[in-house]
Amino acid sequence: MKTVFSALIVTTGLMTAPAFALTPEQAMTEQMQAQKTQLRPQAFNFFSDRYLQLEAMKKTQPTFKAQLDSQTELLRPQQFNPISDAYVQTQAKKS
């Protein structure tokens with residue numbers, strides 16, 4: 001049984017050894033360059049990216065006054081007259 005397992009391990013080792021021998025040795029810089037080509041390109045600059053973010057926010061966010069105006073448009077119209085409202089209240093109490 002031990003000889004079967006040892007023979008199996010030796011044959012798998014002999015089969016995989018040529019595969020490792022065929023891979024060329026690359027220097028560290030060549031490996032890094034190969035990895036860089038596989039990555040998606042990144043152009044990150046904190047200042048320019050922050051500028052682009054702020055400009056995009058300015059385009060999408062309305063000003064505070066514009067937000068208030070849009071909220072007042074959503075409200076139902078109110079007409080408050082203290083004299084007529086007091087009359088309506090007193091009539092409601094009587095009935």
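How many buried residues are there among the 13 residues of helix 5? The count is zero, and helix 5 is accordingly described as hardly covered.

## Model and confidence

The structure is a predicted model, and its confidence should be kept in view when the details below are read. The mean pLDDT of the chain is 77, with 81% of the residues reaching 70 or more. Among the elements of the chain, the highest mean pLDDT, 85, belongs to helix 4 (residues 64-74), whereas helix 1 has the lowest, at 70.

## Overall architecture

The chain contains five helices and zero strands, so that, read from the N terminus on, its elements follow the order α-α-α-α-α. Helix 5, which spans residues 82-94, reaches 18 Å from its first C-alpha to its last, and this is close to the 18 Å expected for its 13 residues at 1.5 Å a residue.

## Surface and burial

A nonpolar surface patch of about 380 Å² is formed by Met-1, Phe-5 and Leu-8. Met-1 is placed in the segment before helix 1, the helix that covers residues 2-22. With a relative accessible area of 71%, Met-1 is classed as exposed, because the cut-off for that class is over 50%.

## Salt bridges

Two salt bridges are present in the structure. In one of them, Lys-58 pairs with Glu-55, and the closest N and O atoms are 3.7 Å apart; both residues belong to helix 3 (residues 46-60), where they lie three residues apart, or about one turn of the helix. Lys-58 counts as exposed at 59% relative accessibility, while Glu-55, at 26%, counts as partly exposed.

The side chains of Lys-65 and Asp-69 also meet in a salt bridge, with an N to O distance of 3.0 Å. Lys-65 and Asp-69 are separated by about one helical turn because they stand four residues apart in helix 4. An α-helix has 3.6 residues a turn, and therefore residues three or four places apart point the same way. Lys-65 is exposed, its relative accessible area being 57%, whereas Asp-69 counts as partly exposed at 33%.

Definitions and conventions
Residues numbered from 1 in each chain as written. Predicted model: local features only at pLDDT ≥ 70, side-chain atom pairs only at ≥ 80, totals over all residues. Heavy atoms only, no water. Patch = residues over 30% accessible without salt bridge, like charges linked within 9 Å, V, L, I, M, F, W, Y side chains within 5 Å. Areas by Shrake-Rupley, 256 points an atom, 1.4 Å probe, with all protein chains shown as cover. Salt bridge = Lys/Arg side-chain N within 4 Å of Asp/Glu carboxyl O. Helix = DSSP H or I, 4+ residues; strand = E, 2+ residues; numbered from the N terminus. Buried < 20%, exposed > 50% of the residue type's maximum accessible area, 1.4 Å probe, protein only. Expected span 1.5 Å × (residues − 1). pLDDT = per-residue confidence, 0-100.
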